[in-house]
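Dear colleague,

Please find below the structure that I am handing over to you, with its sequence. My notes on what was found in it follow.

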Amino acid sequence: MFKKKNNRFGETIVEWIFRLSGGATTLAILLISIFLFTEGWGLFKSSTVEKGYVLCVNRSNKIKNLSPKQIKEIFDGNITSWKEVGGENIPIVPIRMDDIMAKYTDEEIGANYEHLPEKLSEAVVNSKGALAFFPEQFITIQFQGRVLPAQNITPKEYFGGKEWFPTATPAAQFGVLPLILGTLWVSIAAILLAVPFGLAVAIYLSEIANGKVRKIVKPLIELLAGIPSVVYGFFGLIVIVPLVRSIFHLPVGETAFAGALVLAIMALPTIITVAEDAMRTTPRAMKESSLALGATHWQTIYKVVIPYASSGIMAAIVLGIGRAIGETMAVLMVTGNAAIIPHTLLEPVRTIPATIAAELGESAVGSVQYQALFMLGAILFVMTLGISIWAEIIRKEPRLE
Amino acid sequence: MQTKKITSKRASQSVFFILFRLMSYLVVGILFCIIGFIVIRGIGVINWEFLSTAPRDGMTKGGIFPAIIGTCYLVIGSMIVAFPIGVMSGIYMNEYATNKQIVRVIRVMTNNLGGIPSIVFGLFGMSLFVNRLHFGDSILAGSFTLGLLALPLIIRVTEEALKSIPDTYRQGSLALGATKLRTIRSVVLPAAFPNIMTGLILSIGRVSGETAPILFTCAAYFLPHLPTSIFDQAMALPYHLYVIATSGTDLEATRPMAYGTALVLIVIVLIMNLLANVIRRRFSK
């Protein structure tokens, strides 16, 4: 009697362990989204100007704030008048620490930089159009200029920015547009290349090839889906990149097109397997009635089999897109990784996953760049989650009768 | 007139069929070119020295032994993390869960987790395991990250395996007075075991080739000695291939090493798939 009770108690415990394990994936998804967003959200609480530095202007200057892009353009010499950023018509005089250090001798500044604060103040006071970029520690009470209030990076600058220079000074540029466009260009080109071939192979295997060929080829294609992406990337680097360069007479072969070719090859096994499985679910009776009505085999395929399998075929394409968008290593190795908005497929591009892989190792934990990369991860997470759910919905759709 | 229409129908059919046949040959040809290319270039590099010694002379000579060992540790670690949870989760979904809605939610979540790019797992692993839990760059952090990545595959395979066991098995056992847990342990699991094992083997193949998740959680460029504890960094085959393919000082000299490493990776996947097929075939009788 006692033993039985004990047993039942044990059963309940084990059942609860099973129950908890059942929640593991849900928990994982929740944790991933929480961590990505909390780490990434810090970005919008970070100052646009490099940590430990401030921007100062002459007191007569009425300018309130500058966006990261404006700061960069000014220090790059592309914006030369305060008028262009909403001020008076005075030429901008950018001043960096190096300029001050070069202007005065070591004695004038002092061995321990004790005279540096006055020199900085002087420089800003003497020039009406000054925009100075100084370390915070040298700005003392005697400073006669005006320190621009610290600005936080805004979501608008992040999501709408066209430049990605995470290590630029005085203001790093975190515009994700080139990365998002790069990802989409490469993935869409890859899918456009892969879908016709993938469907052709799926049709061939499910309808045309005899059973023996199918039995050999199908497992082999499934096997190819298992080959690590870094191997595909290596192959792309050795074979496809030089091929692209010589065919199109380019200075470098590492382009969006090379990435698209490698991704297309990688997406093929997924597309073929899922589409072929879907086509094979077409009931035999349906195909036979079509043939009995006098349709040819080909007519049966595109009027009966393909419409019947259309939701499965769409799911195959969507899964292929998902795989292409998230692919990291192969793309990192063959696309050239230039963070510029691409105009043609024959230019180097940089995708979101490749950016994360290339830069996270160099960024300090908790730095602005680190946060910006986590935000990129969050964008990628949302994109692929949307695609997974989309594929799920497509598969659930009622079949055509 | 009638015959003309029929011949044109026939003609378009044969045109399309020939087209599909050619495209299929092309695709299969390309895919095999890749394998063939790496096998031909890599086979000459592989010998006992390559498999059993550490890299020397700036990765241009020696072998990949530490990377093989590192990958083994990561595979074992990630399977210790993922396999029990994955199997239990599969058991819960197929044997215990009665609420269809919950099962649906779990299934959708599992599919979603499977669709998340591996680099996102890397980010998450770095944030949670490396920094928050202070595992540091270590085999432990890498194993957890890779385990998470393998979880959906294991769950899906377990669920399929359990689903294929006929209900009469369970009813028979329950009718003999066995409890539910006893039934699962002594009847359902043994019958589903071979299929669950194929899931394990396939996920080993998957995990051993992943690079992005271990970039920031575990992988080391070069280590002079083998890892001695789970808190050490480790070299790993896929990361090693990435490193010697892209960032060596003398890329031409490291090429043979890269071909060899790529071939080893392909052979691992090949063996795992063969093994899975053999098990499936042997036990499906």
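I begin with T71(B), which lies in helix α3 (residues 65-96) of chain B; helices (H or I, at least four residues) and strands (E, at least two) are DSSP runs, numbered from the N terminus. T71(B) is buried, with a relative accessible area of 6%. Buried here means under 20% relative accessible area, exposed over 50%, and partly exposed in between (1.4 Å probe, protein chains only). Leaving aside residues up to four places away in sequence, T71(B) touches S208(B), M235(B), A236(B), L237(B) and P238(B), where contact means heavy atoms within 4.5 Å.

Some conventions apply throughout. This is a predicted model, in which local features need pLDDT of at least 70 and side-chain atom pairs count only at pLDDT 80 or more, while totals for chains, interfaces and linings use all residues. Residues are numbered from 1 along each chain as its sequence is written, chains are lettered from A and ligands numbered from 1 in the order in which they are written, and side-chain values use heavy atoms, with hydrogens and water left out.

The sheet of chain A

Chain A holds an open sheet of four strands in the order β2-β3-β1-β4, with mixed pairing; two strands pair if DSSP finds at least two bridges between them. Its edge strands are β2 (93-96) and β4 (146-147) of chain A, each of which pairs on one side only. β2(A) runs parallel to strand β3 (residues 130-135) of chain A, and four bridges join the pair. Within this pairing, R96(A) stands opposite F133(A) in β3(A), and I95(A) has A132(A) as its bridge partner.

Helix α3 (residues 68-76) of chain A touches β1 (53-57), β2 and β3 of chain A, and its direction makes about 90° with that of β2(A). Helix α6 (residues 116-126) of chain A also touches β1, β2 and β3 of chain A, and its direction makes about 165° with that of β3(A). For these angles, axes are lines fitted to C-alpha atoms, for helices over the stretch in contact, and angles run from 0 to 180 degrees between N-to-C directions.

β1(A) and β3(A) pair in the antiparallel sense over five bridges. In β3(A), P135(A) is the bridge partner of Y53(A), and A132(A) is that of C56(A). β1(A) also pairs with β4(A), again in the antiparallel sense, over two bridges; there V57(A) has R146(A) as its bridge partner.

Six of the six residues of β3(A) are buried, so this strand is largely enclosed by the rest of the structure. A130(A), A132(A) and F134(A) point one way from β3(A), whereas L131(A), F133(A) and P135(A) point the other way. In a regular strand the side chains alternate between the two faces of the sheet. β1(A) is mostly covered, with four of its five residues buried.

Helix α15 of chain A

Seven of the eight residues of helix α15 (residues 352-359) of chain A are buried, so this helix is largely enclosed by the rest of the structure. Among them are I352(A), I356(A) and E359(A). At the start of α15(A), a side-chain oxygen of T351(A) reaches to within 3.4 Å of the backbone nitrogen of A354(A).

The interface of chains A and B

In the interface, 75 residues of chain B are in contact with 73 residues of chain A. The two chains bury about 6,700 Å² between them, 81% of it on carbon and sulfur atoms; buried area is the accessible area (1.4 Å probe) that two parts lose on being put together, summed over both. One salt bridge is found across the interface, a salt bridge being a side-chain nitrogen of Lys or Arg within 4 Å of a carboxyl oxygen of Asp or Glu. R132(B) forms a salt bridge with E39(A), with the closest N and O atoms 3.6 Å apart. On the side of chain B that touches chain A, α1(B) gives the most, with 21 residues.

Two loop residues

H249(A) has a phi near 50°, a positive value in a residue other than glycine. H249(A) is in the loop between α10 (229-248) and α11 (256-280) of chain A and is exposed, with a relative accessible area of 70%. In chain B, H134(B) has a positive phi near 60°.

With kind regards

Notes:
A polar contact is a pair of N or O atoms within 3.5 Å; within protein, one must be able to donate a hydrogen and the other to accept it, and residues adjacent in sequence count only if both atoms are side-chain atoms.
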